[in-house]
Amino acid sequence: MSVDPQQLLRELFATAIDAAHPQQVLEAHLPSDRSARVIVIGAGKAAAAMAQVVERCWQGEVSGLVVTRYGHGAPCEKIEVVEAAHPVPDAAGLAVAKRVLELVSNLSEDDRVIFLLSGGGSALLALPAAGITLADKQSINKALLKSGATIGEMNCVRKHLSAIKGGRLAKACWPATVYTYAISDVPGDLATVIASGPTVADPSTSAQALAILQRYAIDVPATVRNWLQSAESETVKPGDPSLARSHFQLIARPQQSLQAAAVKARQAGFSPLILGDLEGESREVAKVHAGIARQVVLHGQPLAAPCVILSGGETTVTVRGNGRGGRNAEFLLSLTDSLKGLPGVYALAGDTDGIDGSEDNAGAIMTPDSYARAAALGLNASDELDNNNGYGYFAALDALIVTEPTRTNVNDFRAILILESPEHDA
């Protein structure tokens, strides 16, 4: 088989990103009647690219405001695009959240609002609840990011400390009709979890948010604790009449990207195995992937090489060291340490938004010689893993993937390519 494994991995990654890009997926879901006036608001890493699509295909009057991560903006003529910080919110996110609420306040039944939502929206649309400061939210957010908490747990806390999440944005729009178009970046594609569900009912409770903070031993100010113990901190619950005119539509999800990559792999002669959306510690998820890859190489199970193992979802990293590295680099470093140069196994792990955590790379590539090459440079994979230094490890190997912001986000993409062994070629 004549194939460049690294090039194929990059093509699979590009295919996964393209399958979830707003330019490909949004227009077909917009209302058929596009002649009326519409107010467009949005938040997330794909928000600017989504706004461009609305501007291009809407015939009626369009105005609005969206917020995206720094560097993820796109030129719009009628919809204002503001950039703010992610994953820890900043003053720009606070200011735009206030403006978004003002924009949708005092609307009538005749008004229509389009809300463009994607991953990252929770941090980007940051408006603390009454009595809670931005500094409070920033410190809690930082602590949650380092704790190993899942995205669902983080968003439960965020919702109950917010004046805009957990259905509160839809409540502010009432009685206008709200159309939410969402790109999912979370395992399970739950509307309540994507960007903390600003326009959908939220069944989680303030008591659960408190329990999460306690579970991860996160110290919070008395003002935050008192707020979470008050009835006012509860989010908008299922059945609330203010949500009656709010409609939610999922337009892209991780599974679509995995399926698109599987088709691409099959065309290249590789049998795909899709593991789906996964959660858990990056290094532990990598060990499971390593076990499957080893079983394929040694025993041809659960499928024979040449094949590719595909997975998505959002893993977590419990930060213990002082190194540089996002969850995808951590996954690959753990995979490298587990496989130790197993012949014929190549892997890519990257974030579909183009940014692995807070670094400047989307992810990295592992080859069968990565372990030995790094060792020759004095880098021990196990030691670097202890220091959470995946970025540094793969940077030394010149194996980082830099895509720049992609302006979409269906979370992580992982592909392990297993070539046919020489004895099978004979």
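Modeller: One definition is required at the outset: a residue is called buried when its relative accessible area is under 20%, exposed when it is over 50%, and partly exposed in between. Arg-407, at 26% relative accessibility, therefore counts as partly exposed. The model is a predicted one, and every value below is to be read with that in mind.

The account may stay with Arg-407 for a moment. This residue lies in the loop between strand E11 (400-401) and strand E12. The loop between helix H15 (381-386) and helix H16 (390-396) contains Asn-388. At 4% relative accessibility, Asn-388 is buried.

The setting of the part comes next. The protein chain is divided into domain 1, made of residues 5-15 together with 255-418, and domain 2, made of residues 22-253. Taken over C-alpha atoms, the centres of the two domains are separated by 30 Å. Where they meet, 23 residues of domain 1 are in contact with 29 residues of domain 2. The size of an interface is often given as the accessible area lost when the parts come together. For domain 1 and domain 2 this buried area is about 1900 Å², with 49% of it on carbon and sulfur atoms. On the side of domain 1, the residues that lose the most area to domain 2 are Gln-256, Arg-407 and Asn-409, which together account for 30% of what that side buries. How many salt bridges does the rule find across the interface of domain 1 and domain 2? It finds one.

The aromatic residues provide a further view. A pair of aromatic rings is described by the distance of the centres and the angle of the planes. The structure holds two such pairs. Phe-13 and Phe-413 are stacked, at 5.9 Å centre to centre and with 25° between the planes. This pair links distant parts of the chain, since Phe-13 belongs to helix H1 (residues 5-19) and Phe-413 to strand E12 (residues 412-418), 400 residues apart. Phe-13 is buried because its relative accessible area is 3%, and Phe-413 is likewise counted as buried, at 2%. The other pair, Tyr-393 and Phe-394, is edge-to-face: the centres are 5.2 Å apart and the planes make an angle of 75°. Tyr-393 is buried, with a relative accessible area of 0%, and Phe-394 is buried at 0% as well.

The charged end of Arg-414 sits over the ring of Phe-331, 5.4 Å from its centre. Arg-324 lies over the face of Tyr-391, at 4.0 Å from the ring centre.

Arg-324 leads on to the charged pairs. Side chains of opposite charge can pair when their charged atoms come close. Arg-324 forms a salt bridge with Glu-359, in which the closest N and O atoms are 2.6 Å apart. Here too distant parts of the chain are linked: Arg-324 is in the loop between strand E8 and helix H13, whereas Glu-359 is in the loop between strand E9 (345-351) and strand E10 (363-366), 35 residues apart. Arg-324 is partly exposed, with a relative accessible area of 41%, while Glu-359 is buried at 14%. A network of salt bridges with shared partners joins Glu-314, Arg-327, Asp-351 and Asp-412. Within it, Glu-314 and Arg-327 have their closest N and O atoms 3.5 Å apart. Glu-314 lies in the loop between E8 and helix H13 (327-339), and Arg-327 lies in helix H13 itself, 13 residues apart. Both count as buried, Glu-314 with a relative accessible area of 13% and Arg-327 with 16%.

Finally, two peptide bonds deserve attention. The bond from Gln-301 to Pro-302 is cis, with omega near 0°. Another cis bond joins Ala-305 and Pro-306, with omega about 5°. Pro-302 is located in the loop between helix H12 (282-299) and strand E8 (307-313), and the loop between H12 and E8 also holds Pro-306.

Definitions and conventions: Residues are numbered from 1 along each chain as its sequence is written. This is a predicted model: local features need pLDDT of at least 70, side-chain atom pairs count only at pLDDT 80 or more; totals for chains, interfaces and linings use all residues. Side-chain values use heavy atoms; hydrogens and water are left out. Rings of Phe, Tyr and Trp (its six-membered ring) pair if their centres lie within 6.5 Å; planes under 30 degrees apart count as stacked, over 60 as edge-to-face and the rest as tilted. Helices (H or I, at least four residues) and strands (E, at least two) are DSSP runs, numbered from the N terminus. Buried means under 20% relative accessible area, exposed over 50%, partly exposed in between (1.4 Å probe, protein chains only). A charge sits over a ring if NZ of Lys or CZ of Arg is within 6 Å of the ring centre and within 35 degrees of the ring normal. Domain bounds come from an automatic or database domain assignment. Contact means heavy atoms within 4.5 Å. Buried area is the accessible area (1.4 Å probe) that two parts lose on being put together, summed over both. A salt bridge is a side-chain nitrogen of Lys or Arg within 4 Å of a carboxyl oxygen of Asp or Glu.
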